[in-house]
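Subject: Structure handover and findings

Dear colleague,

Please find below the structure that I am passing on to you.

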Amino acid sequence: VTGDAPSIDLVKNMELYRKLHQALPLVSSAHDISEGGLLVALAESMIGGGLGARLSGDLDAAGAFNEAPGRIVVSVAPAKKAAFEKIFAVTPLGEVVAEKELSFGNVQIPLPTLAAAWKKGF
């Protein structure tokens with residue numbers, strides 16, 4: 001995930017939300033990418049679900065922290081992935097893992113560290 005955040009298109013966002021509503025039976029979790037961007041959304045999802053996330057591919061500051069309406073990170077069980085992809089043309093960011101940490105590149109952040117930072121701030 002790299003580059004600038006997408007521009008805001010209210011019509012396109014409404015279409016996204018309608019499609020997400022259609023896909024909800026396939027979705028294990030969903031979180032808007034807002035206050036703090038992708039990494040914060042993932043951390044909040046991990047705190048709520050008690051699981052970890054392993055991201056694949058490159059992640060730069062813009063991809064990690066940009067905030068914009070119409071961006072949602074979802075998790076989908078492997079058995080439901082094909083059905084989800086019939087609704088959304090997506091590129092997976094990574095996978096949900098049992099290890100209680102967020103990992104990307106050479107970075108591994110334990111879930112308790114993320115939870116403490118989220119609760120208390122830096």
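In strand 6, P110 is the residue that stands opposite E101. Helices (H or I, at least four residues) and strands (E, at least two) are DSSP runs, numbered from the N terminus. Please note that this is a predicted model, in which local features need pLDDT of at least 70 and side-chain atom pairs count only at pLDDT 80 or more, while totals for chains, interfaces and linings use all residues. Residues are numbered from 1 along each chain as its sequence is written, and side-chain values use heavy atoms, with hydrogens and water left out.

The sheet

The pairing of E101 with P110 belongs to a set of 4 bridges between strand 5 and strand 6, which run antiparallel. Two strands are taken to pair if DSSP finds at least two bridges between them. On this basis, 4 strands form an open sheet of mixed pairing, in the order 4-2-5-6. Strand 4 and strand 6 are at the edges with a single partner strand each, so one side of each has no neighbour in the sheet. From one strand to the next, the twist averages 10°.

Strand 2 is joined to strand 4 by 4 bridges, and these two strands run antiparallel. Within strand 4, V97 is the residue opposite G52. Strand 2 also pairs with strand 5, in the parallel sense and over 2 bridges; A53 has L102 of strand 5 as its bridge partner.

Helices on the sheet

For the packing, contact means heavy atoms within 4.5 Å. Axes are lines fitted to C-alpha atoms, for helices over the stretch in contact, and angles run from 0 to 180 degrees between N-to-C directions. Helix 5 lies across strand 5 and strand 6, and runs at about 70° to strand 6.

Which residues of helix 5 (residues 111-120) are buried? They are L111, L114 and A115, where buried means under 20% relative accessible area, exposed over 50%, and partly exposed in between (1.4 Å probe, protein chains only). Seen down the axis of helix 5, these buried residues fall within an arc of 95°, so they line one face of the helix; the arc is that of the directions from the helix axis to the C-beta atoms. The face turned away from the buried side carries the exposed residues P112 and K120. Among the elements that cover the buried residues of helix 5 are helix 2 (38-49), strand 5 and strand 6 (107-110). G121 follows helix 5 and has a positive phi, near 80°.

Nonpolar cores

A nonpolar core is a set of buried Ala, Val, Leu, Ile, Met, Phe, Trp, Tyr and Cys residues joined through side-chain atoms within 4.5 Å. The largest one has 15 residues, and L39, L42, M46, L55, V73 and L102 are those with the most contacts inside it. At least two residues of this core come from each of helix 2, strand 2, strand 5 and helix 5. Helix 2 gives the most, with 6 residues. Apart from its neighbours within four places in sequence, V73 is in contact with S29, A30, H31, I33, L38, A41, L42 and L93. A second, separate core has 7 residues, including L26, F84, I87 and F88.

Salt bridges

How many salt bridges does the structure hold? There are 3 salt bridges, each defined as a side-chain nitrogen of Lys or Arg within 4 Å of a carboxyl oxygen of Asp or Glu.

E95 forms a salt bridge with R54, and their closest N and O atoms are 2.9 Å apart. E95 lies in strand 4 (residues 94-97) and R54 in strand 2 (residues 52-55), so this pair ties together parts that are 41 residues apart in sequence. E95 is partly exposed, with a relative accessible area of 44%, and R54 is also partly exposed, at 35%.

R54 meets E99 in a further salt bridge, at 3.3 Å from N to O. This pair links distant parts of the chain, 45 residues apart, with E99 in the loop between strand 4 and strand 5 (101-104) and R54 in strand 2. E99 is partly exposed at 43% relative accessibility.

The side chains of E85 and K81 form a salt bridge at 3.8 Å, N to O. Both residues lie in helix 4 (residues 81-87), 4 residues apart, which is about one turn of the helix. Through shared partners, salt bridges join R54, E95 and E99 into one network.

Yours sincerely
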